Amino acid sequence: MEKIIINGGHRLCGEVTISGAKNAAVAIIPAVMLSDGICRIENIPCISDVSAIIRILYDLGANIKVIDKSTVEIDPAHINSFVLSSSMTSGMRASSYFIGAMLGRFKKARVAPPGGCDFGVRPIDQHIKGFEALGAKVIIDNGMVDARAETLTGSSIYLDKVSVGATVNIMLAAVKAVGLTIIENAAKEPHIVDLANFLNSMGANIMGAGTDVIKIRGVKTLHGTTYSIIPDQIEAGTYMVAAVATRGSVLIKNIIPKHLESISAKLTEIGAEIEEYDDSILISLNLKHPRPCSLLTMPHPGFPTDMQPQITTLLAIADGVSTVTEGVWDNRFRYVDQLTLMGAKMKVDGRFAVITGVDKLSSAPVHATDLRAGAALVIAALVANGTTEIDNIEYIDRGYENIVEKLNALGADIKRVRTADPNLRKTAL
Ligand code: EPU
């Protein structure tokens, strides 16, 4: 087991390069199953969620050639299984994308329910609605999602709720279906557009990704391709918030500024100064404290829920009272107890939080409750007085490549240390 130890109080200054987008990578890698040829994927982030999804493809029979730390070549020719057991799916949400990909390839899939961060109930009813509209019969059998179709036929699907996962899964199942599929009220996140671009580069015919209506005209075959994944919007946003929280000045490189618009707008409102370039952003804060604000998370192009814990942490040291409303998940404020241990003043009522800014946070032993909550604790520790120890950092490793190295290069005092496994100690005692 490992923990992160941070001596707070250092301004972040310098440059950081953003890695490929986790949520694009975890959709694009399963999509390789649909190809008849070898796919070379570049700008893959080196994070544990991506290793896990590549591992699943490998276990299913794909040939994986690692070219360098951010490039792999995947040959899906020998994948012959349409079954994913719970040991393969329990660690991550994106394992559900294999249902769509397997349906697209084999017209059948048998996949244990996905795991992933715990934000309350995470249903997949809209995914299933989409598969059924395409002609699949979907049952839950012995704890497994079992989907089978004689033929997949294009259809019109209106999503009752804007869902990234359902939009991805329906695209995967529909791309080789017969005829035209229309997804209405589709998710518009940059990673949806990236998946569509990837599939189109293999010969798919997908239009409208990035808007509410995605049209997919089924094709018979998809060929191999070379594709580079977009930069990670949330990793970039996390470093933006960390720069502002420490009153530093950071050039955030390898980004698409358009993907960061809602984050940049909010940080500007809070008092940050932002200069945008073609593929980088320079961000700084020249106030003693950030200004308070009110914020609502929404599907794209709204303010992303995956930035909510980080910005709430910034508001904990703002000059006044802020409100944050979580518009996507039922239970995404579980980390607040940990921030309170560090001196933050926050009251949570369901999806609504009131944050009264304090002058300083102080160090405490804390633990990550999920991926973005872990990033929020890192930001809190960077600004806190004293030395903070963060446990459960495997959550952070799911989504942030080399976070310790990247923050150290910006002037933070942060290290990763090995700790004794408490279970082993118990056995020894
Ligand atoms: N929903 C339904 N039915 C469904 C699917 C979703 O009611 O069939 C609801 C959910 O309960 C939630 C809302 O719709 O209230 C949005 O869920 P969505 O399906 O969009 O989320 P997801 O696909 O499970 C992805 C990201 C999450 C991110 C959300 C929202 C991946 C692998 N995960 O999850 O990312 O929070 O979209 O943007 O893309 C993260 O990266 O830290 C992370 C949690």
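A salt bridge is counted here where a side-chain nitrogen of Lys or Arg lies within 4 Å of a carboxyl oxygen of Asp or Glu, and the side chains of Lys406 and Glu235 meet in such a pair at 2.7 Å, N to O. The model is predicted, with local features needing pLDDT of at least 70 and side-chain atom pairs counting only at pLDDT 80 or more, while totals for chains, interfaces and linings use all residues. Residues are numbered from 1 along each chain as its sequence is written, and side-chain values use heavy atoms, with hydrogens and water left out.

**Domains and their interface**

- An automatic or database domain assignment, the source of the bounds, gives domain 1 (2-19 + 231-425) and domain 2 (22-228), and 30 Å separate their centres, taken over C-alpha atoms.
- In contact, meaning heavy atoms within 4.5 Å, are 24 residues of domain 1 and 24 residues of domain 2.
- The buried area, which is the accessible area (1.4 Å probe) that two parts lose on being put together, summed over both, is about 1900 Å² between domain 1 and domain 2, with carbon and sulfur atoms giving 51%.
- On the side of domain 1, His300, Arg398 and Glu401 lose the most area to domain 2, together 35% of what that side buries.
- The rule finds two salt bridges across the interface of domain 1 and domain 2.

**Salt bridges**

- The structure holds 21 salt bridges, and Arg110, Asp141, Asp146 and Arg148 are linked in a network of them.
- Arg416 pairs with Glu2, the closest N and O atoms being 2.9 Å apart; Arg416 lies in strand β24 (residues 413-418) and Glu2 in strand β1 (residues 2-7), so the pair ties together parts that are 414 residues apart in sequence, where strands (E, at least two residues) and helices (H or I, at least four) are DSSP runs numbered from the N terminus.
- Asp49 meets Arg398 at 2.9 Å, N to O, and also meets Lys22 at 3.9 Å, N to O.

**Burial of selected residues**

- With a 1.4 Å probe and protein chains only, buried means under 20% relative accessible area, exposed over 50%, and partly exposed in between; Lys406 is therefore buried at 13%, as is Glu235 at 2%.
- Asp49 is buried at 6% relative accessible area, whereas Arg416 is partly exposed at 32%.

**Cysteines**

- A search of the whole structure finds zero disulfides, a disulfide being a pair of cysteine sulfur atoms within 2.5 Å.
- Cys13 is partly exposed at 40% relative accessibility, and Cys39 is buried at 0%.
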